[in-house]
Amino acid sequence: MIQSLDDLENIKKERDSQYRKHKKTVRICFGPGCQASGSRKIYELLKAELKSESLQSKVRVVTTGCHGLCERGPLVILNDDEIFYQSIGKRKAKAEEEIRLIINTIKTGEIADKLLMDSHEKGKKYTSVKEIPFYSFQKKIILNIVGKIDPEYIDEYIAHDGYKALFKALTTMKSDEILGWVQKSGLRGRGGGGFATGAKWKSCKEAHGSPKYILANGDEGDPGAFMDRVLMEGNPHAILEGMIIGGYTIGSNQGYIYVRDEYPLAVKRLSTAIEQARKQGLLGTNIFNTGFDFDIAIVRGGGAFVCGESTALMSSLEGKSGEPRAKYIHTVERGLWDKPSNLNNVETWACIPVIINNGWEWFASIGNEKNKGTKVFSLVGKVKNTGLVEVPIGATLRQIIYDIGGGIQDDREFKAVQTGGPSGGCIPKEYLETPIDFDTLRELGSMMGSGGMIVMDDRNCMVDVARYFLKFLVEESCGKCVPCREGTRRMLEIVERICDGEGKEEDIAHLEELGRAVNIGSLCGLGQSAANPVLSTLKYFMDEYEAHIKDKKCPAGVCKPLIHYTILENCTGCTLCARECPSNCITGEKKKLHTINQDKCIKCGMCYEVCKFGAVKVV
Amino acid sequence: MIEFMIDGKKVRAQEGEFILPVALREGFDIPTLCHHETLGSDGRCRLCVVEVARGTRKRIVTSCLYQVAEGIEVSTNTPDVMLVRKSVIELLYARCPEAEVLQHLARKFGVEDVRYAKDHDKGKCILCNICIRTCAEIVGVSALGFSGKGMAKKVTTPFDEPSDACIACGACVVACPTGHIFMKDDKGVRTIWRKKFPLAQCPVCSRYHAPVEQLKYISKITNVPLETLMVCQDCK
């Protein structure tokens, strides 16, 4: 049982001495991306190889949360100087050879060039994490130990000063003082709305009614977003610590974490963390001998996107179907079971220990005038370095997409970035220098959301993008209120018609009108932003809509009914396209110009993809 | 007492009251399909939207769920209000073209042209929740609920099977604002929600007067013997 600062220090010392016993450390990324590309297999192979070399007592192998650079996974990082080995075992046949190279580095210190990441300069490689722009441009205060610690052990968290903030808060600070710190830190809710966290806490603290509840939102459901997942899987104790401090501040003894059930590892890691925190007395009664009691339970969501909305989340938590309710009376006054409830995103909760440890002044020094601290983004789409990044709020889109993300794949032209999840909006290249924060994104017709960023290039059709997100929203609308349920579906019908080349000129005005009705007339935040994918693409990419409607053309070459493939004169007759074509509609003799039978062509684009001479054109 | 303005007229209301009932009491015409005076508000249909100005802040709210507050200015007829209201009518009309109440609203609000393909599989159900709430909150049996979400959402009995909880009272039929729910009495049998219920025959006048299940339920909650209830109202 941990009851004092000394107890925390002792665990830290013990861990440190254990660390010192091992001369070398290997960190294998067990984040979602790396696991999907086979990091578990690498871990097993490496363990076996270390055993056969009798090195297992000298080398500490840590399975960690996400390192961020998912594009290069599986990632293996060596020792304290953080030698960065990437794409290990990505090609199965090479896996054993690559493991032997890693063992060699461990034994001799010799760095295996083959396993390093190429740098911008031709022929040069990055050796350590610090040299890689993807990492050096980031500022990690939330994710800093995700990727370093094994999240299944509370001692690892404590060894990195975990639960010190809790001790400080409970034993040296009054609840009003903590509230003051959170207010002065300028922290805003990371779930999307960007509401001032301190103001929310204050309202809940002052609300009448008992008991009060502390809730954490881990119901991340945006396509392409995995910030919360990585945090829950990679550093679950930071969330717990934030929630306990929140409970003490607001006057609550019970917390719930709502996690979507599609994140089984997050559920497992959080459960383990709660169990271990209870065992150590950091959850339960009389925490740090202060007389303060707090406990946390996990509630698993059933998979509805709308349950990430605060009131729907609470309905679901109560065991009802996940339908939102009107928020004219705030949930801080009447939330879960009609009791005062303080809901924050898991990332917001993870900011709390950081603020308590480092002081509100420090936190407020990061970011810009109205937006403090950092924000985690999941950077996906047509960007070179897809992955998870953490930057001070106010970093520009260019910094995120180019400096960290490495620019657009194949050095193509950047067209737009979709932020804020499905009900966010698309921001065009004119705004690459815009500092990204809660307010600027809203002004641009998008939103921060929980931090999804989908990068698009000239091959993305913006009407098709609007169609994709709208379809997602139609499927995920809970169906409670008419504008969202019926309105988004009718908008989708119109957009699909435009993609099919059957758009009418009046469709644009109709979409604008209906989109506004959906946004101002819907009940919850999901419906109130459901038209954004259409409205923002109409705002910035009207020319593409017009091309679809008037010229019956899809400039990006995406909407199948509006395009066809043709083979140009520079065809070398290599026959590759003919061999790859699934509908056998390409004919031509060897070394002679090939042709596509348009009647049989299914427009799959395979010929376009495989042609090495750029001889296949989308018209 | 709270004083505030609706369309320039000063009105008074009790604290905690919602705008909609106050406005209706004061003679303003605000349409609604999911609000029911016995059940209260639900905020589903969005027909009752109004614009509320509070200081410099203006926004569209559902009047059925927005509590009155001192000094607010409510407008029932702004361009945004009419945009939402007419859009909702057009959307619901396309969903339920057979529903007379929607035909009437469309005429009243000048929604002449429905620009969407009309549905033919939704009947007259606008998913207002009134039947479900009536069944749960007034009758107290909770035989109905929603299943599915989005466009697949519908009112049904659990697992779409004949309900054990339903007492065939028909309160849902009476409460339904569009006349969607099917109920038929024929030869001593009531059919409702895909289930047949025997009707009780009055031992005095031989008239079929109520479902046996409903009488059993009333007997259970009131402790009035079933035999007494079997006699119809006219012969008691």
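Domain bounds in this report come from an automatic or database domain assignment. On that basis, chain A comprises domain 1 (5–136), domain 2 (154–364), domain 3 (374–457), domain 4 (462–551) and domain 5 (564–618). Chain B is divided into domain 1 (2–108) and domain 2 (130–235).

The structure is a predicted model, in which local features need pLDDT of at least 70, side-chain atom pairs count only at pLDDT 80 or more, and totals for chains, interfaces and linings use all residues. Residues are numbered from 1 along each chain as its sequence is written, while chains are lettered from A and ligands numbered from 1 in the order in which they are written.

**Confidence**

The predictor assigns the complex an ipTM of 0.95 and a pTM of 0.92. For chain B, the average pLDDT (the predictor's confidence in each residue, from 0 to 100) is 95, and 100% of the residues score at least 70. Where pLDDT is low, the predicted coordinates should not be read in detail.

**The interface between the chains**

Two residues are taken to be in contact if their C-beta atoms, placed from the backbone, lie within 7 Å. By this criterion, 28 residues of chain A are in contact with 27 residues of chain B. On the chain A side, helix 18 (462–476), helix 19 (482–499) and helix 20 (506–521) each supply at least two residues. The largest share, eight residues, comes from helix 19 of chain A. Helices (H or I, at least four residues) and strands (E, at least two) are DSSP runs, numbered from the N terminus. By class, the chain A side has 12 nonpolar, six polar and 10 charged residues. Here Ala, Val, Leu, Ile, Met, Phe, Trp, Tyr, Cys and Pro count as nonpolar, Asp, Glu, Lys and Arg as charged, and the others, Gly among them, as polar.

**Contacts between domains**

In chain A, the C-alpha centres of domain 1 and domain 3 lie 29 Å apart. Seven residues of domain 1 of chain A are in contact with eight residues of domain 3 of chain A; the domain 1 side has five nonpolar, one polar and one charged residues.

In chain B, 32 Å separate the C-alpha centres of domain 1 and domain 2. Eight residues of domain 1 of chain B touch eight residues of domain 2 of chain B, and the domain 1 side divides into six nonpolar, two polar and no charged residues.

Met462(A), Val463(A), Val465(A), Ala466(A), Phe469(A) and Leu470(A) of helix 18 meet Pro533(A), Val534(A) and Thr537(A) of helix 22. This contact has eight nonpolar, one polar and no charged residues.

The crossing of helix 7 and helix 14 of chain A is left-handed. A crossing is left-handed if the near helix is turned anticlockwise from the far one by less than a right angle, and right-handed if clockwise. Lys164(A), Ala165(A), Lys168(A) and Ala169(A) of helix 7 contact Pro353(A), Ile356(A) and Asn357(A) of helix 14. These residues divide into four nonpolar, one polar and two charged.
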